[in-house]
Amino acid sequence: MSAAASVKLARHLKELRIHLCQRSPASQGVRDFIANHYVALKSANPGLPILIRECSNAPAALHARYERGREQAFDLSNATSEQVLQTVVQQANR
C-alpha cells in the first residue's frame, strides 16, 4: 500500500497543481510520484482537485492554492518521489 493512501490533506487547501516535463531528468522524481502515489492520494482526497500539467522543458514544481486565493509554489527539480510526497504533505497541511 502506498504511503499516500493514508494522507488526508487539510481542508483549507483548495487545489494542487503539479508541473513537470515529460522527458527531463529533473522531473523524474515527479513522474515516479505520479506513477506510485497519485491514485492513492486522489482516492484519500476525492474532493480536492489535483492537476497534473506536463509541458516540454517545464521545471518540476508544486503549486498549492489555499483559501482566499493565496497560492504558493515549490520547486521539485531533482526531487525523489518520496521527497515530492513529503513536500505535498508538508505544504498541504500548513
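User: Leaving aside neighbours within four places in sequence, which residues is Thr-87 in contact with?

Analyst: Leu-62, Phe-74 and Leu-76. Contact here means heavy atoms within 4.5 Å. This is a predicted model, with residues numbered from 1 along each chain as its sequence is written, and local features need pLDDT of at least 70. Side-chain atom pairs count only at pLDDT 80 or more, while totals for chains, interfaces and linings use all residues; side-chain values use heavy atoms, without hydrogens or water.

User: Why is Thr-87 called buried?

Analyst: Its relative accessibility is 17%. Buried means under 20% relative accessible area, exposed over 50%, and partly exposed in between, with a 1.4 Å probe and protein chains only. Thr-87 therefore counts as buried.

User: Where does Thr-87 lie, and what does its side chain reach?

Analyst: Thr-87 lies in helix α2. Its side chain reaches the backbone oxygen of Gln-83 at 2.9 Å. A polar contact is a pair of N or O atoms within 3.5 Å; within protein, one must be able to donate a hydrogen and the other to accept it, and residues adjacent in sequence count only if both atoms are side-chain atoms.

User: What makes α1 a helix of expected span?

Analyst: α1 covers residues 28-44, which is 17 residues. From first C-alpha to last, α1 reaches 24 Å, close to the expected 24 Å. The expectation is 1.5 Å times one less than the number of residues. Helices are DSSP runs of H or I with at least four residues; strands are runs of E with at least two; both are numbered from the N terminus.

User: Where is the kink in α1 centred?

Analyst: On His-37, at about 55 degrees. The bend is the angle between axes fitted to the seven residues ending there and the seven starting there.

User: Which residues of α1 are buried, and what do they pack against?

Analyst: Gly-29, Val-30, Arg-31, Phe-33, His-37, Ala-40, Leu-41 and Ala-44 are buried. The buried residues of α1 pack against β1 (13-20), β2 (50-54) and α2 (81-92).

User: What makes β1 a partner of both β2 and β3?

Analyst: Bridge counts. Two strands pair if DSSP finds at least two bridges between them. β1 and β3 have six, in the antiparallel sense. β1 and β2 have five, and run parallel. In β3, Arg-65 stands opposite Glu-15 and Ala-64 stands opposite Leu-16. In β2, Arg-53 stands opposite His-19.

User: How many residues of β1 and of β3 are buried?

Analyst: Six of eight in β1, and five of six in β3. Both strands are mostly covered.

User: What separates the C-alpha atoms of His-19 and Leu-51?

Analyst: 8.5 Å, for residues 32 apart along the chain.

User: How many bridges join β3 to β4, and in which sense do they run?

Analyst: Five bridges join them, and the strands run antiparallel. Ala-64 has Gln-72 as its bridge partner in β4. The hairpin has four residues between the strands.

User: What marks out the phi of Arg-68 and of Asn-78?

Analyst: Both values are positive, in residues other than glycine. Arg-68 is near 60 degrees, in the loop between β3 and β4 (71-75). Asn-78 is near 65 degrees, in the loop between β4 and α2.

User: Why are Arg-68 and Asn-78 called exposed?

Analyst: Arg-68 has a relative accessible area of 88%, so it is exposed. Asn-78 has 61%, so it is exposed too.

User: Which residues does UniProt list for the domain "Ribosomal protein/NADH dehydrogenase"?

Analyst: Residues 22-93, in an unreviewed entry. Positions use the numbering here, feature names are shortened, and annotations may be inferred rather than shown by experiment. In the model, the end C-alpha atoms of that span lie 28 Å apart. The span is 40% helix and 22% strand.
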